[in-house]
Amino acid sequence: MKATLRTVRLALAEPLRISRSTMTARDAVWFTVEHEGLTGHGEAVTSVYYGLNTAELERQLYEAGLDLGRFGAPESALRERPAGDRPPAVTAAVEAALLDLCGKRSGLPVHRLLDAKSARTAPSTPGTLSAPSARTARTIGIVPAERAAAQARSLTDSGFTVVKVKAGAPDPEDDLDRVRAIASAAPRARLLLDPNGAWTSTEAMQLLPRYAELGVEAVEQPLAPGDPEALARLAEHSPLPLIADEDAVTYEDVRRLAGRVHGVNVKLAKCGGPYEALRIAELIEGSGTELMLGCLTASTLGLAPAVHLADRARWADLDGHLLLADDPWTGIGGADGVVRASELPGLGVRERRVGREDAA
């Protein structure tokens, strides 16, 4: 097998402000594996929060590509899924590329390779299995209330039924005004709130009842990460379901919180790929903790592996590609509020443009 890397800049359509930062663009490193005339693709994106810059991603993926050379075929590499000490985002990108390639070699879409929920529960008659799809949340950042209302109205007009609102402004009343404006502009939308760990426990106890009155469905990571016990205690008394995100990175993180919070946000780039996401989904099944599938801002290529798992989640937050000014890949939709895997072999995505390429 031969691996190549390509690094591109992904610009956002508009700046995305959250409680801890404002993002306008990020780099993506595409990892391509070639074997016997077929190619598989995966993507890893830079993240200040997770300490991954462009140079580090390129180095880690280059080394991963060299490591694949010891396998005779992508199927054997996928069975072993060597992670080593690599960052989860790198492992996820390599796993995605191998799944894409193995799917193309077998003629199967990734969701069938993963034995996704739809493939297990649907009738077994050939041709009747449907590809996973889900209504995805669409994120509105920390913007003035009037701007948020206009965005929410436009989104619901386009077909979105779930809106995720970022919170954590210096003045909590600004966040409440934003949610109030969105609820008025899009009264039938389901509302999720994400302060990205901006609140103290005292602030959360004061604010959660007010958001419950506004019709918010659930709140992600209200407290600063690093004290999952505090999050579990807050969840016990919260009038709203609480979803752990930054405190639910690994399988062991989720094991400690299973049954103690209402949901966990599983992102392939932070847990290590689709197979680890499946392990987590199995871990929390029946525990009272439900699954959210989330993402980083990335292209369709980066989102596609999670979309192949989308029907396992109560909440799908798979809109990272929709935040871009120019998505260089296509194949999962989402502009109408629904992301869809396809029945094409592999990930079912295709590239729209090219970038810089370096052999690994």
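Helices (H or I, at least four residues) and strands (E, at least two) are DSSP runs, numbered from the N terminus. This is a predicted model: local features need pLDDT of at least 70, side-chain atom pairs count only at pLDDT 80 or more, and totals for chains, interfaces and linings use all residues. Residues are numbered from 1 along each chain as its sequence is written, and side-chain values use heavy atoms, with hydrogens and water left out.

**View A. The largest pocket holds about 600 Å³ of space.** A pocket is an open set of points on a 1 Å grid over the protein atoms alone, with protein on both sides within 12 Å along at least five of seven lines; in a cavity, a 1.4 Å probe fits but cannot get out; lining residues have an atom within 4 Å of a point. Points join across faces, edges and corners, and a volume is the space filled by probe spheres set on them. In the largest pocket, 29 residues form the lining. Closest to the centre are Ile18, Arg20, Met23, Arg26 and Leu296. Two elements each give two or more residues to this lining: strand S2 (22-35) and strand S6 (162-166). S2 gives the most, with four. By class, the lining of the largest pocket has eleven nonpolar, eight polar and ten charged residues. Here Ala, Val, Leu, Ile, Met, Phe, Trp, Tyr, Cys and Pro count as nonpolar, Asp, Glu, Lys and Arg as charged, and the others, Gly among them, as polar.

**View B. The second largest pocket holds about 290 Å³ of space.** Its lining has 18 residues, and the closest to the centre are Glu14, Arg138, Thr139, Gln151 and Leu323. Strand S1 (2-17), strand S5 (137-140) and helix H6 (145-158) each give two or more residues to the lining of this second pocket. S1 supplies the largest share, six residues. Ten of the residues that line the second largest pocket are nonpolar, four are polar and four are charged.

View C. H13 gives the most, with five. Seventeen nonpolar, three polar and two charged residues line the largest cavity. The structure holds three cavities of 30 Å³ or more.

**View D. Arg70 and Glu80 meet in a salt bridge.** Side chains of opposite charge can pair when their charged atoms come close. A salt bridge puts a side-chain nitrogen of Lys or Arg within 4 Å of a carboxyl oxygen of Asp or Glu. The whole structure has 29 salt bridges. For Arg70 and Glu80, the N to O distance is 3.2 Å. This pair links distant parts of the chain, ten residues apart: Arg70 is in the loop between helix H1 (54-68) and helix H2 (74-80), and Glu80 is in helix H2. Arg70 has 49% relative accessibility, so Arg70 counts as partly exposed. Glu80, at 45%, is also partly exposed. On this scale, buried means under 20% relative accessible area, exposed over 50%, and partly exposed in between (1.4 Å probe, protein chains only).

**View E. A salt bridge joins Arg210 to Glu173.** The closest N and O atoms of Arg210 and Glu173 are 2.8 Å apart. Arg210 lies in helix H8 (residues 201-213) and Glu173 in helix H7 (residues 172-185), so the pair links distant parts of the chain, 37 residues apart. Arg210 is partly exposed, at 32% relative accessibility. Glu173 is partly exposed too, at 34%.

**View F. Arg279 and Glu276 form a salt bridge within helix H12.** Helix H12 covers residues 274-284. The N to O distance between the side chains of Arg279 and Glu276 is 2.9 Å. Arg279 and Glu276 sit three residues apart, about one turn of the helix. At 38% relative accessibility, Arg279 counts as partly exposed.

**View H. Helix H9 (residues 228-237) has buried residues.** Which residues of H9 are buried? They are Ala230, Leu231, Ala232, Leu234 and Ala235.
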